[in-house]
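Here is my note on this structure, point by point. Please keep the sequence and the model open while you read.

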Amino acid sequence: MDCHSSPFLTPEFRRLSTFQGTPSGVFNKFLKNSPLKFVEAGFQRGLTDDEVVCPDCRASYKNWEGESPIGVHRVISPNCPFVNPPAVEDATESPGSLQELVGRDVRRRLFQASPKSDFTSAIAVRNTIKHPIRPKCGGYEMHLASCRLQTYPEMSSRNEEWAENGFVYRPETQDVQCIYCGVKCVLSDCPKVTHQNVSRNCAFVLLYDVGNISREDEKTIRTKYFLQTQKSEPLCSQNFAIVHPHFEDINVRKATYEHWPFLVAELFSADLMAAAGFYYTGYLDKVTCYACGVAFHDWRVDADVWTHHASASPKCHHVVQEKNSDFIQKAAQTKLIVKVIRPEGREDGVPGSRTLDVDAIQAAYARQYTKEQILHAVTKYFVMTSKFPTEKLLMGILIAADENNDARRKLRHDLHIQETAVQAKDQELQTKDQALQTKDQALQTKDQALQAKNRALHIKDQVIQEVILEKNQVIQEKDRAMQEVIEEKDRAMQEVIQKDRAMQEKDRAMKEMDRTMQMELDLKNQEIERLRQQVKNLVAFNNSHQPSSQLHATSEGQQQAGCQERDNIPSPITCKVCLSAESSTIFMPCSHVSTCTECAITLYSKRQPCPVCRGKIEKTLPAFIS
């Protein structure tokens with residue numbers, strides 16, 4: 001059956017299929033370098049026997065000497081999408097994935113731990129590893145020990161050791177954290193032992209290939225990759241130096257497009273130009289690459305930014321990192337329609353030669369320097385300046401290295417003396433520490449006694465508080481009862497007061513009635529007395545004018561005649577109220593006689609004024625009118 005029609009042909013299997021027919025022992029010379037390891041690292045077989053190539057970024061590497069494939073991939077191509085995948089939560093493997101087949105390996109199942117073991121089996125930990133591993137903290141660059149070391153506040157041997165053991169520094173909590181298992185530790189003097197004690201199942205502690213790159217491995221890989229890339233063409237034809245390093249950050253490049261012409265920005269955005277490695281010069285529409293220094297201006301509508309960049313500068317560091325070789329080769333065949341300014345004539349003032357000086361190499365050999373020393377000096381200078389050292393420069397670098405070695409040896413001797421003194425001081429400090437520990441134990445005993453007393457006092461306080469609470473509750477109950485009694489008494493008092501007021505009102509009404517009745521009685525008595533007096537006066541008058549003999553004969557007729565005569569005499573004073581009765585009452589203090597007895601009683605009881613002068617009536621007197 002055709003392998004391309006198989007349902008299990010994932011990208012991993014495609015890469016693995018390229019290793020078919022590999023001569024025995026080429027990749028198995030070292031146990032780490034097996035085809036499976038290369039496939040997990042994103043490589044497929046290249047043209048030569050031990051050359052591997054990434055199909056995504058086209059980076060290649062050969063002459064393997066036991067390096068970690070995933071570590072090599074990250075060092076030589078840090079921007080490759082394979083080693084920088086996006087974060088995916090709870091990713092599930094397909095049934096035919098390579099990781100599941102690895103987990104089904106019967107031979108590896110033989111090394112699984114017993115179910116009664118306290119440790120997770122090594123094969124179970126291995127099955128959880130899938131490259132590239134995303135660090136528990138930080139980005140993918142934290143796989144490099146050199147990047148982890150930069151998170152520490154200072155460069156010291158202890159911090160270097162912690163960084164080499166997979167830990168990064170966390171300034172917010174002032175501790176360290178493993179990027180592979182996530183365990184957090186306090187900085188101490190034995191990071192390796194601490195890591196093994198607190199996280200025995202960490203893949204890093206179990207020595208699995210998790211993509212960690214030590215500083216020494218990074219240096220070795222970079223040196224080998226540099227030499228491999230130089231063999232394909234002359235060293236003088238490439239320039240690895242960055243022309244404008246201050247524009248290497250993409251955010252800095254974006255900031256230069258603040259005054260980018262509006263019409264040009266509609267076709268070529270600031271994000272596109274900055275991603276292609278260009279920064280704006282501020283002159284018309286001219287932009288310059290920070291890496292190779294090539295400049296473009298007079299942009300046209302149908303121009304492609306990346307294609308023109310790769311066509312004008314195929315060896316640009318930025319282009320090589322971002323685009324693969326196929327794109328660069330196609331771009332080289334594209335005709336440029338935008339004006340280009342190349343920086344070939346620029347001189348940076350750095351001493352050195354654009355080509356390798358063979359005489360300088362021979363002079364170094366004549367001075368008894370080894371091939372490794374000469375290669376290291378030439379490579380270091382070229383990486384720093386993009387030029388090869390002349391004879392004088394090479395000799396100076398080698399001599400300086402010798403002097404540095406002497407200085408290092410002297411420094412080691414001085415450090416040994418200092419370490420001896422430090423050890424002596426350490427012993428003294430340990431003795432003092434023991435004495436302090438003894439004192440601490442005594443203080444702890446006292447503290448325990450004080451704590452016991454404090455607990456007893458606390459218990460007493462609780463009992464007292466409970467008693468006080470109970471008493472307060474009793475007092476509150478009594479207060480509530482007293483308050484109820486007082487309120488009841490207040491209500492009864494209010495009722496009594498209301499009754500008293502009602503009785504007072506009744507008393508006042510009775511007194512008023514008594515006074516009115518008394519006045520009526522007085523007025524009637526006065527009227528009776530007046531009538532009696534009138535009768536007496538009439539009797540006396542009659543007795544004085546007629547003889548006694550005729551009295552009885554004529555008394556009846558006289559009385560009738562007298563009554564008729566009296567009725568015919570008009571009344572001198574008529575009541576001003578009823579206008580019918582005779583006025584017979586004097587009002588005081590105005591002394592007016594204007595009403596009869598009954599109308600006077602009515603006016604006085606109702607406290608009405610005198611009908612003549614409208615004055616106040618204080619009292620009444622009977623009037624005797626003759």
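**Notes on the model**

1. Trp-260 and Tyr-280 are both buried. Buried stands for under 20% relative accessible area, exposed for over 50%, and partly exposed for what lies in between, with a 1.4 Å probe and protein chains only. Before going on, note that this is a predicted model, where local features need pLDDT of at least 70, side-chain atom pairs count only at pLDDT 80 or more, and totals for chains, interfaces and linings use all residues. Residues are numbered from 1 along each chain as its sequence is written, and side-chain values use heavy atoms, with hydrogens and water left out.

2. Aromatic pairs come next. A pair of aromatic rings is described by the distance of the centres and the angle of the planes. Here, rings of Phe, Tyr and Trp (its six-membered ring) pair if their centres lie within 6.5 Å; planes under 30 degrees apart are stacked, over 60 edge-to-face, and the rest tilted. The whole structure holds 14 aromatic pairs. In one of them, Tyr-180 and Phe-204 have ring centres 5.8 Å apart and planes at 5 degrees, so this pair is stacked. Tyr-180 sits in the loop between β5 (175-178) and β6 (184-185), and Phe-204 in the loop between α9 (191-198) and α10 (215-231), so the pair ties together parts 24 residues apart in sequence. Helices (H or I, at least four residues) and strands (E, at least two) are DSSP runs, numbered from the N terminus. Tyr-180 is buried at 10% relative accessible area. Phe-204 is buried too, at 16%.

3. Back to Trp-260 and Tyr-280. Their ring centres are 5.0 Å apart and their planes stand at 80 degrees, so the pair is edge-to-face. Trp-260 belongs to the loop between α11 (250-255) and α12 (262-267), and Tyr-280 to strand β7 (residues 278-280), so parts 20 residues apart in sequence are tied together.

4. Two further ring features deserve a look. Phe-38, Phe-43, Tyr-61 and Trp-64 make up one aromatic cluster. Elsewhere, the charged end of Lys-323 sits over the ring of Trp-306, 4.7 Å from its centre. The charged end of Lys-323 also sits over the ring of Phe-327, at 5.0 Å from the centre. A charge sits over a ring when NZ of Lys or CZ of Arg is within 6 Å of the ring centre and within 35 degrees of the ring normal.

5. Is Arg-170 buried or exposed? Arg-170 is buried, at 16% relative accessibility. Its place is strand β4 (residues 167-170). The Arg-170 side chain makes a polar contact of 3.1 Å with the side chain of Thr-173. Such a contact is a pair of N or O atoms within 3.5 Å; within protein, one must be able to donate a hydrogen and the other to accept it, and residues adjacent in sequence count only if both atoms are side-chain atoms. Leaving aside residues up to four places away in sequence, Arg-170 touches Asp-175, Gln-177 and Lys-184. Touching, or contact, means heavy atoms within 4.5 Å.

6. Now a sheet. Four strands form an open sheet in the order β7-β8-β9-β10, with antiparallel pairing. Two strands pair if DSSP finds at least two bridges between them. At the edges stand β7 and β10 (339-341), each with a single partner strand, so one side of each has no neighbour in the sheet. Neighbouring strands are turned by 30 degrees against each other on average, direction ignored. Strands β8 (residues 287-289) and β9 (residues 295-297) run antiparallel and are joined by 2 bridges. Val-287 faces Phe-296 in β9. Helix α14 (residues 305-312) packs on the sheet and touches β7, β8, β9 and β10; its direction makes about 135 degrees with that of β9. Axes are lines fitted to C-alpha atoms, for helices over the stretch in contact, and angles run from 0 to 180 degrees between N-to-C directions.

7. The peptide bond from Met-588 to Pro-589 is cis, with omega near 15 degrees. Ser-591 is in the loop between β11 and β12. Ser-591 has a positive phi of about 65 degrees, though not a glycine. Most residues other than glycine have a negative phi, and most peptide bonds are trans.
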